Amino acid sequence: MARFDAIIIGAGMSGMFQLIRLRELGMKVRVFEAGTGVGGTWYWNRYPGARFDSESYSYGFSFDPELLQEWSWSEHFAPQPETLRYLNRVAEKYELHRDIQFNAEVKSAHFTGEGWHVTLADGSAHEARFLITAIGPLSAHTLPRIEGIESFRGPSFHTARWPKEGIDFAGKRVAVIGTGATGVQTIQEVAKTVGHLTVFQRTPNWCTPLHNSQITPEQQAAIKQGYPEMFARCAETYACFLHTADPRGTFEVTPAEREAFWEKLYASPGFGIWVGNFRDSYTDPAANAELSAFIARKIRERVKDPKVAEMLIPKNHGFGTRRVPMETRYYEVYNQPNVELVDSKATPITRITPTGLSTTERDFEFDIIIYATGFDGLTGAFDRIDIRGRDGASLKQAWASGARTLVGMLAHGFPNMFMLLGPHTALGNIPRSIEYNVEWVTALLAHMQAHHLTLAEARPEAVEAWMAHVMECSIGLLSNDVDSWFTGVNKNVEGRQVRTVARYSGSAPGYRARCDEIAAGGYAELDFSPACGSASD
Ligand code: NA7
């Protein structure tokens, strides 16, 4: 059996950066990665049209100034192949491959009393004192629970399991099921070459324009010069984006000013219209209704058939209360004569057949079926590994009615397990949170090394306090009343039918302040063994 100081599960951005930092602590580390390459989300999600919705330069790693100057993003919102190339460049620069085992799916991780015993799908066993999960908040993809799904004779796949060789849609009859951020990116790209496209939409989403463009040489120079200021700005904003809420309330300005502000945001690149809007947009129902009405008008202007336009306008949730898909000529797709929109709420899919699918209303024939049906968010990737802590307690059972963590990185009963991007960390512009979480875990491990501590575990009362804070942050959010991965709902997964406070919705600066306080206070929220202040201290 192979023994390491630390095992990291996952070679996405968090696993990669954690490996770099643990090497600096002199640790012997092994990363287990189910895929055949690094990149995580950007390795798996290779569907056509996959790209950033955050500005490329705000999304890359910030820890290596040399790399920032070396790498030139080609577009303001980079496409997936470019991001994967970037992450491969990082891996190459730091020679990460020598500590990563690919094709290595972790099946179980059991706490032994001294550390973690990890088994892989190939049956091999490995041990380490520390277990670091770098498995991503949106990585456990889910297929719909529809009868006959195995029976379809043509190619069919989930967007997160896209065939590496790619797919030619020319002249093909294609179905896309799902209209979340992924479905929207897929649909607008597939529609360019498809023979006939049928979109199955169960719930419409409020989508707004991305306004992507190439980065000019002048912009490139300014970006490279301005990195320190740009990352400093990301560190100050609510969700680490370049955009942050406008301090004004919706009704503090005149209707004309409001309209002009929204027009400006609608015409500007990126998430500004979502996260840079009036401060009360997602807490005041009246403010949200005004904003939603503005976006609805835009949809009606862009979709020629009024009946189709109405189908595309959400009626049961307001703008921004779910993740806003960013689009490029998405609504215009529905003006194409070879594109049909089917309302899967009114006429649900009843079965997948060998040649297509059936709804309650009619039968469809397809050459290709694409499932853009999303992920078991936040805790799904944890559930798929048999994780057992002290006394054999299962993490899945412990979290059956909702995850319980300390700052999203530790769980009581699971000593020496540290979660990067676990539930209840600040999300938003995710790499910014990844870098913070990795540095925090690294500092904790350095503290343990310095004080000869072998085990660390969140104290139950510290978990209680953090969970109370997580609940408190969520009070008054309109998104609480909407089904989505934000509220822990996935109708395709057993036990995920009821809304919970699944994520941390406080500000990223607030989150970091709390984590910094824990570190500065000598980690009083954690139990250590041997205890702090013992003979070995
Ligand atoms: P999402 O946002 O969870 O979207 C999944 C979509 O799939 C959504 O439209 C679902 O409809 C639809 N869906 C799921 N099951 C079915 C069935 N059985 N029938 C019809 N439609 C179905 O996942 P994405 O991958 O788009 O985005 C996830 C995140 O990745 C995103 O937030 C970004 O941060 C990146 P529903 O809305 O549940 O009615």
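**Notes on the predicted model**

1. Met16 belongs to the largest nonpolar core, a set of 148 residues in which Ile7, Met16, Val174 and Val176 are the ones that touch the most other members. Helix α16, spanning residues 430–450, gives the most to this core, with nine residues. As background, nonpolar side chains in soluble globular proteins tend to be buried together.

2. Helix α16 also has a partner in helix α18 (residues 508–520), for the two axes come within 11 Å and cross at roughly 5 degrees. Because angles under 35 degrees count as roughly parallel, α16 is described as roughly parallel to α18. On the α16 side the contact is made by Ser433, Tyr436, Trp440 and Ala443, while α18 brings Ala508, Arg512, Cys515 and Ala519. By class, the residues of this contact divide into six nonpolar, one polar and one charged.

3. Turning to the ligand, 23 residues surround it, and the closest of them are Pro144, Gly178, Gly180, Thr182 and Gly374. The shell around the ligand is made up of ten nonpolar, ten polar and three charged residues. Helix α6, which covers residues 181–190, gives the most to this shell, with three residues.

Definitions and conventions
Residues numbered from 1 in each chain as written. Predicted model: local features only at pLDDT ≥ 70, side-chain atom pairs only at ≥ 80, totals over all residues. Near = placed C-beta within 6 Å. Helix = DSSP H or I, 4+ residues; strand = E, 2+ residues; numbered from the N terminus. Nonpolar A, V, L, I, M, F, W, Y, C, P; charged D, E, K, R; others polar. Core = buried A, V, L, I, M, F, W, Y, C linked by C-beta atoms within 7 Å. Buried ≥ 20, exposed ≤ 12 C-beta atoms within 10 Å, placed from the backbone. Axes fitted to C-alpha atoms, helices over the stretch in contact; angles between N-to-C directions. Parallel < 35°, antiparallel > 145°, perpendicular 65-115°, else oblique. Contact = placed C-beta atoms within 7 Å.
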